[in-house]
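Good morning, and thank you for the time.

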Amino acid sequence: MRRPKALHYGAKKKPDYARKQSYRFSRRALLVGGAQVGLFGLLGWRLHQLQIREASDYRLLSDENRLMIQLSAPSRGSIRDRTGAMLAEDKENLRLLVVPAFCKSLPDTLDRLSRIVTISRATRDRVMRAAARQSGYYPVLVAEGLTWRQFALLNVLAPQIPGLQTDRSAFRRYHHARPMAHLVGYVGMAGKEEVDLDPVMRLPGFRAGRAGVEKTFDEQLRGTPGTQQYEVDARGRVVRELGSTPSTPGKDLVLSIDHHLQAVAQERLKEHRVASVVVLDVETGAILALASTPTFDPNDVVFKVDPKAWSRIARDRDQPLQNRAIRGQYPPGSTFKVVTALAGLHAGVIDTRETMRCPGVYTMGRARFRCWKAHGGGIDIHEALKQSCDVYFYETAKRMGINHLASVSRHLGLGRVYDCGLPEQKEGIIPDVAWKRARFMQPWYGGETVIAGIGQGFVSSTPLQLAVMTARVATGRAVLPKLVLTPDDPKPDWPELELDPKHLEIVRKGMFGVVNEPRGTARRSALKIPGVTMAGKTGTSQVVNAHNEHKLSAYERETHALFIGYAPFDNPRYAAACCVEHGGGGSSAAAPIVKDVMTEALLNDSARAPVFAGLSRDEVANQVAVVGDGG
Amino acid sequence: MKMLFAQAPAAKLDLAKKLLLLNWPFLALITAIVLVGVAALYSVAGGSFDPWASRQVMRYCFGLALLFAIAFSDIRWWLKGAYPLFLLALGLMVLVPFIGVESGGARRWLGVGEMSFQPSEMMKIALVLAIARYYQWLPPEKIWRPDALIPPLLMIGVPALLALLQPDLGTAALFAIIGAGMMFLAGVSWFYFGGAIVAVVVALPYAWEMLHDYQKQRVLTFFDPHTDPLGSGYHILQSKIAIGSGGLSGKGFMNGTQAQLNFLPEKHTDFIFTMFSEEMGFVGAMILLALYLLALVFITFMALRCRSMFAKLVAGGMGLTLFAYVFINVAMVTGLMPVVGVPLPLVSYGGTSMLTMMIGFGFVLNAHVNRRVTFRQSELGGLW
């Protein structure tokens, strides 16, 4: 209850602070309000000064002496393959624009222009509509892709036709487009965030790499823009150029790819819905072919883009934009037995003398693991690789344990991405005890080791990783893939693998048996070239498990078909890996592809083809003319 | 009679009553200013509702919904919520350097999924509420005491320091102006303000050392924009040319050559007043300023009519915010002040500043609707 005392009249009165404060607020609020009015007066005075007293000065500045700074976009570096064939280049795009505000009469101007450039009814309507809708000072595009003749003629006529503007921009052209689409990638307009980082990206005609090599080496390819400063008159026409700094074109790139081999590989994959193949030069690590199907034409997405076509590509169920060779992660299946065999030999848990019996099933505790066939007795390591006996490798994996298997896998180049210029590679999974604890917070179970021994369970790899693994087994060296060639590249000297060369020899012989000996799983895919043999390993990896069985369609239940191989057997030069998604058996779907692509590489000797990067710029120009005629 | 009146508990107002009490002419005034902005954005885009004007209208509608929600809410919630809200805003501002998104060399934004917002904007509202709450609690007879200054100075100083660290000089200055103005309105003695001015003059050389290079550059080019017409003086010079060439009646809607030929930087955000005065001339610019002044007069009179100190100060504080924004922006584009990157409220394109202003006006109207409400000491508790 409030004390009424303070409100009694006649009692000793305490000053009413609340009332005083309220009055003080009113006084001060009016004071602040007065100050605000005064400061607004100051703004008004300033506007009066600028817009009334000095208006004529500023109008002069605005009308007659306008400084215009234009940035000129640099031309983007070109991309070529190892033979010098052009893969991506900038083409000049000559354009004709009109600025409606400067035209005396827009229809008249268009009539006069139509004598030089064909202007269709539709274009005319579009221009008229655009001119009516937006500010007259915005240039409207009338035609692009002009010929030099038209362009020169227009420039000569420009002083007589007010409102006419011409400019030179560029667009990106891709050659061998479909096979190279994933590797080379494509360019696009810069996104909002990139523009914030670097305002140069706002330049019309400035494009940034969006995928593939175009993305990885964007900075080199891009170049630096130049500036031009003009004085322009009230009609926006250039009075004089005040100065300019030229733009620096981007650097050119040469890839290690052989476009011919790439095209053959792409063609060979065509019969499958989703598949990919990789061919490496085992000595240098150079990627000679890296094809993925389905593919797309990057020319459709960089110039005169049709939104419908683009959304068809982007939304396709089979995702043509994805590069399966570096982004498809598959259980390697039996191709992984090469790794298990090497790891087992390295750990000393198996040797060449030991034979096992394969009753078609392997039991561990209450769990039963099946082999694809009952191989019977007398299976040693050579037979186990050749006939792809699961039981042998179940036992091998169980004896050495998962951590040893994982470390040898990583030593062979699996479970990592390579710094070779391909963006957005997937890592794959090489599981071990620590990985599972970190990922699922669960302990590792023995049964998981057993199935990891045949490349199932958690194990997954990309075709590029499998090709690198194959190259390492074939050479005994820690080969790394390489995609970009630079002049005066030293011949790479890869370090030796820390594996016993005798063990490698045992495994290589087993891989030889797979393709060339009776009962080998890929015997039908032996090379037909006299005196040259291939070594390899098939893989058929299972997709269905207890969790997903009921969710998958018939196509999705089908096994993945894989094959890894290298040739020639006695003096390895090429290593290849192929995966056909849901393609069935490795021996029937994947091995024939590798056989054909390998045959092509051997007959053409892709790796020895003249390497373009060693040439100087002038020589390049000559070479281009020659190659250009052929291609 | 007098006693009864003073003691009568404020009746709970129902919604119908509140609708009647709302200051509708003020709302119409705000809408008029927004429409001017939409027209300007339409012109900036070269005669198109895309990409700015249409979104600005959508943001205004969203802001209007928030304004009504706040205006019709119970003022006691905000009295109770003022400090927690302030602490929340402060916490978010502390987080910005760690998890904020960097853009253009400064970290000011917090990302929440697709959206991003600036905690310093939230702080502008929270600061006003917190200071108003403080002076509502402070017994009027203690207002002269020096120790009574410590809490409000901390409330202003800590957020201002955090804003400086981001670095965002404009926002820090805004906090200082709003805070000092509210302390003045609340009745803090003149002597303290005199002392503060002396202190600022003494501290100025040290503050200069703390500025970032780009901020120093801005201040320097302000004093002489012609030294570097293509560098940082470019904005001011082009802006002055645009405004000056507009003349008395302007170049006409959608016909500003400076703006349309892309001489102007940021012409849809911070420099929209430039574009507007180029196309509409002195007459148009004065009309827009008159609209703002009218809004300020409305707010001042709403503040005077409030009974409680909290409501008075909330309305007065929001008025100061509006004034500071408009004055800094117009002074900046006319070359009276260095470029600090403050938008023109309700007119510049930008969701955050539009929402901040609409929420602020929501609180002004809330104070107006609750103008007869008084609070008992028991409703306030202690400092907290």
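Is Gln319(A) buried, partly exposed or exposed? Before the answer, a word of caution: what is on the screen is a predicted model. Gln319(A) has 14 other C-beta atoms within 10 Å, and it is therefore partly exposed. This residue sits in the loop that links helix H12 (307-315) with helix H13 (324-327) of chain A.

Glu424(A) has 13 other C-beta atoms within 10 Å and is partly exposed.

I turn next to the cis peptide bonds. One of them leads from Thr293(A) to Pro294(A), with omega near 0 degrees. Pro294(A) belongs to the loop between S12 and helix H11 (299-302) of chain A. Another cis bond leads from Ala567(A) to Pro568(A), with omega near -15 degrees. Pro568(A) is found in the loop between S19 and strand S20 (574-580) of chain A.

Those strands bring us to the sheet. In chain A, 5 strands form an open sheet with antiparallel pairing, in the order S12-S11-S20-S19-S18. Which strands stand at the edges? They are strand S12 (287-293) and strand S18 (535-541) of chain A; each has a single partner strand, so one side of each is left without a neighbour in the sheet. From one strand to the next, the twist averages 5 degrees. Helix H10 (residues 259-269) of chain A packs on this sheet, where it touches strand S11 (275-281) and S12 of chain A. The direction of H10 makes about 30 degrees with that of S12(A).

Helix H14 (residues 337-347) of chain A is mostly covered, with 9 of its 11 residues buried. Among the buried residues of H14(A) are Lys337(A), Val338(A), Thr340(A), Leu342(A) and Leu345(A). What covers the buried residues of H14(A) includes S18 of chain A together with helix H15 (381-387), helix H16 (390-400), H17, helix H20 (463-475) and helix H21 (501-516). After H14(A) comes Gly348(A), whose phi is positive, near 80 degrees.

For contrast, consider Glu556(A), which is found in helix H22 (residues 554-557) of chain A. Glu556(A) is exposed, with 12 other C-beta atoms within 10 Å. Leaving out residues up to four places away in sequence, Glu556(A) touches Val543(A) and His582(A). Glu556(A) and His582(A) lie 26 residues apart in sequence, and their C-alpha atoms are 6.4 Å apart in space.

Let us now move to chain B. How do helix H7 (residues 150-165) and helix H8 (residues 169-186) of chain B meet? Their axes come within 7 Å and cross at roughly 170 degrees. H7(B) and H8(B) are therefore roughly antiparallel to each other. On the side of H7(B), the contact includes Pro152(B), Ile156(B), Pro159(B) and Ala163(B), and on the side of H8(B) it includes Leu169(B), Ala172(B), Phe175(B) and Gly179(B). By class, this contact of H7(B) with H8(B) has 12 nonpolar residues, 2 polar and no charged ones.

Finally, the cores. The largest nonpolar core has 123 residues, of which Leu127(B), Val128(B), Leu129(B), Ile131(B), Leu313(B), Val314(B) and Ala315(B) touch the most other members. Helix H14 (residues 309-333) of chain B gives the most to this core, with 18 residues. A second, separate core of 120 residues includes Leu345(A), Leu464(A), Ala522(A) and Ala535(A).

To return to Ala315(B), what are its contacts beyond four places in sequence? They are Ile299(B), Met302(B), Ala303(B), Cys306(B), Val364(B), Ala367(B) and His368(B). That concludes my presentation.

Conventions:
Residues numbered from 1 in each chain as written. Chains lettered and ligands numbered in written order. Predicted model: local features only at pLDDT ≥ 70, side-chain atom pairs only at ≥ 80, totals over all residues. Core = buried A, V, L, I, M, F, W, Y, C linked by C-beta atoms within 7 Å. Buried ≥ 20, exposed ≤ 12 C-beta atoms within 10 Å, placed from the backbone. Helix = DSSP H or I, 4+ residues; strand = E, 2+ residues; numbered from the N terminus. Contact = placed C-beta atoms within 7 Å. Axes fitted to C-alpha atoms, helices over the stretch in contact; angles between N-to-C directions. Parallel < 35°, antiparallel > 145°, perpendicular 65-115°, else oblique. Nonpolar A, V, L, I, M, F, W, Y, C, P; charged D, E, K, R; others polar. Pairing = 2+ DSSP bridges.
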